[in-house]
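Here are my notes on this one, point by point. Have the sequence and the model open while you read.

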Amino acid sequence: VGNWAASALPDAGNVGAVGLPPGTTVNFDAAALATQLDSITVAAGGSFVMAGSSLTVANSLTTPNFSQTGGTLSGAGSLNVSSSFAKSGGSLALTGLINIAQAAGALTIVNNAPLTLGALSTSSGNILIDTSGGIFTTASPVSANGGSLSFVSHSPIVVGSGGVNATGGISLTANETAADSTITLNGPLASSGGAVNIAAYGNVTQNAAIQGQSISVASTSGNIAVAPSAIS
């Protein structure tokens, strides 16, 4: 937060949105007061680094590069990352969409709050999402190009109409011993080069197609329901 006097971002009390010039790195750490913003945009070549404190975003946080080692990013806003995402600590508690285009390497998100995924993709790597509170995808596809995809949820997994696809295998796991550890497929799962494995403690509902070299669907204590139009 050395970008601003008194180590504090301007907030929603005196500014609606913050825009940063190309190449800027924003360091939001424990020295920052809890801050509320409508939106923040980091221009080309820049980065947003969150290491502590609390930032609430009402509309969107848009940045080429995002790194989180601590703190809490929350609010109704979305997170839009166009080049590189890394998270080794802290919490993503946004209720808006998480949109990430990972330009190189794997995309890993381990989180302690539910996530709603918008357009999520890798160019040449795996995708791993492991979170409490549920994983929800939307009309935008989630694509692991050049790698495998794994969702691990300690609550429901709901795949939206955009579906999930991967060059390698696909694994969806919701095996917490709880009734809401369910998996619902409202969009297709497509692996072009691997197996598709689905395992839930509760119900599994397949309303869309599944494509893979092999397919496994299992429920520990619930039902498996397959819609007539859902081809495997």
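**Notes on the aromatic cluster, the core and the strands**

1. Start with Phe 66, which is buried at a relative accessible area of 2%. (Buried means under 20% relative accessible area, exposed over 50%, partly exposed in between, with a 1.4 Å probe and protein chains only.)

2. Before going on, a word on the source: this is a predicted model, where local features need pLDDT of at least 70, side-chain atom pairs count only at pLDDT 80 or more, and totals for chains, interfaces and linings use all residues. Residues are numbered from 1 along each chain as its sequence is written, and side-chain values use heavy atoms, with hydrogens and water left out.

3. How many aromatic pairs does a search of the whole structure find? It turns up two. (Rings of Phe, Tyr and Trp, the last by its six-membered ring, pair if their centres lie within 6.5 Å; planes under 30 degrees apart count as stacked, over 60 as edge-to-face and the rest as tilted.) Phe 48 and Phe 66 are stacked, at 6.2 Å centre to centre and 0 degrees between the planes. Both of these residues are buried.

4. Phe 66 also stacks with Phe 85, at 5.5 Å centre to centre and 15 degrees between the planes. Phe 66 sits in strand β4 (residues 47-75) and Phe 85 in strand β5 (residues 78-87), so this pair ties together parts 19 residues apart in sequence. (Strands, E, of at least two residues and helices, H or I, of at least four are DSSP runs, numbered from the N terminus.) Phe 85 counts as buried too, at 4% relative accessibility. Phe 48, Phe 66 and Phe 85 make up one aromatic cluster.

5. Now the core. The largest nonpolar core has 49 residues, and Leu 73 and Leu 79 are among those with the most contacts inside it. (Such a core is a set of buried Ala, Val, Leu, Ile, Met, Phe, Trp, Tyr and Cys residues joined through side-chain atoms within 4.5 Å.) β4 gives the largest share, seven residues. Leaving aside neighbours within four places in sequence, Leu 79 is in contact (heavy atoms within 4.5 Å) with residues including Phe 66, Leu 73 and Phe 85.

6. Last, the strands. β1 (residues 17-20) pairs with β3 in the parallel sense over four bridges, with Ala 17 partnering Ser 39. (Pairing takes at least two DSSP bridges between two strands.) β3 and β4 also run parallel, joined by six bridges, and Leu 37 stands opposite Val 57 in β4.
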